[in-house]
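The model is shown below.

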Amino acid sequence: MSRVIEKGFLMKKCYRLLACAAFLHSSVFAIAPLNVLYPQDTVFKPRKWDDQKLHVSQHITCGLSDLHGRNGDGDKVLATQLWDADQNALAMVTGFAQGTQQANIAQQCNAVDGDDGVRGHFKLTGEFAVPFSYQAGARYHFKKGFWIGAFIPVYKMEFKNVVWTEQTQNLTADDLATKTLITNDFFANVDRLGDGLYLRDWDKIGCGDLAFMAGWSESYRQYKQWIKSVTPGLRVGVTLPTGVKKDEDKVMSMPFGNDGSIGVLVGGGLTINYINRFDFGLDLECMHVFNNTRARRIKVDADQTEFLLLAKTDVQRDPGFFSRFMIFGDAKIVKGLSARIAYHHRKRSADTLYIKSYDYSSAIANTAESLKEWTTHNALFQLTWDTATEETNKTRPQFTAFYMHPFNGRRSVQAKQVGIGFTLSF
């Protein structure tokens, strides 16, 4: 009787925490519109045997190709075109107060009324990639299915072979003025007018956000013809802002974490075992991230494009709703070897900016395409080999290899990825 009461109490706790996850929708955020994996992702969750207390895991993921982009309509484009088809150097100098250098140049170039879609426009190409990422994590298990863990990723990101192809012709006086004042010495002019905005190649490597997690998961045997066990699970956690922040002065820069903010994670899942050979399940995770204020680049005119934002000011960012959802199926091939196929989906709704200065408009700043909803859709294929058995399961390692294939999304950059990893058990 006490066992039944305990199970009922734990299930009520599960429902309450899942309800909290739904409630947190007003301020949830993910690192960046990329299809990278995080070390606390359930893709990396090792199998737990009764005698095992500690799991230490390491995984390496490599991109098989340069990342491609998906624009706001879901069309496949270059990574540099995920927000804009081209970059507008005429709109770049509009929207500034009278008397500023930018406003004077805009007036001399007839930038406001003379934009014909060619003059002052650039085609931007470049290879944006995440060549590799490293995920490390550790879980310590207590009695009755409870566990705690710590997880941290390391990413290498690069933007190389960057080419800005000018579209301006030599036909009119406005064309000549645009070339003289903006495009002939384009990189130097952007650096001067944009407070150090850098438009060329870069690369960086560093840690993502450190995550501390606590959770519960326990399998309940079912005495039915087809269903043999049901395993619910819940987890909560916090992420600390150890990740590399977005560099506001470099084009295409993305953060390695929550961009300097603390986050709170809530997640849960359910796995059902059929005839002791197949597992089917789902998993949902949400993250609440506290707002932070720092200097960010903003639009000061609605026609400006994302990579030519000259204005930089203190801005509070209110993140949109983020959720990660996965449906999976596992099949036991032979003893210790299993295969998984999964659908992996991320979605984040629009962010909102609040500008601290009266010199700029929050309404205009919030027209930025990069603030709008983004999604990723991936198919995941995974093989896992567990060398432990019921007789000798204490210190035997587990190995895994996986392939992730992006097939849809909006306002995101994605690449085919392959990874390997292992888990040591104690």
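With which residue does Asp330 form a salt bridge? The partner is Arg340, and the closest N and O atoms are 2.7 Å apart in this predicted model. The pair links distant parts of the chain, with Asp330 in strand S15 (residues 322–334) and Arg340 in strand S16 (residues 337–348), ten residues apart. Asp330 is buried because its relative accessible area is 14%, and Arg340 is buried at 16%.

Salt bridges that share partners also join Asp41, Arg235, Asp283, Glu285 and Arg324 into one network. The structure holds 23 salt bridges, including these:

| Salt bridge | N to O distance |
|---|---|
| Asp330 and Arg340 | 2.7 Å |
| Asp249 and Arg297 | 2.8 Å |
| Lys160 and Glu158 | 3.4 Å |

Asp249 is partly exposed at 23% relative accessibility, whereas Arg297 is buried at 10%. In the remaining pair of the table, Lys160 is partly exposed, with a relative accessible area of 33%, and Glu158 is buried, with 14%.

On the surface, Trp385, Phe399, Phe422, Leu424 and Phe426 form a nonpolar patch with about 450 Å² of accessible area together. Phe399 lies in strand S19 (residues 398–410) and is partly exposed at 35% relative accessibility.

The chain as a whole has five helices and 21 strands. Of its 426 residues, 50% are buried. The chain exposes about 19,600 Å², of which carbon and sulfur atoms supply 58%.

Technical notes: Residues numbered from 1 in each chain as written. Predicted model: local features only at pLDDT ≥ 70, side-chain atom pairs only at ≥ 80, totals over all residues. Heavy atoms only, no water. Helix = DSSP H or I, 4+ residues; strand = E, 2+ residues; numbered from the N terminus. Buried < 20%, exposed > 50% of the residue type's maximum accessible area, 1.4 Å probe, protein only. Areas by Shrake-Rupley, 256 points an atom, 1.4 Å probe, with all protein chains shown as cover. Patch = residues over 30% accessible without salt bridge, like charges linked within 9 Å, V, L, I, M, F, W, Y side chains within 5 Å. Salt bridge = Lys/Arg side-chain N within 4 Å of Asp/Glu carboxyl O.
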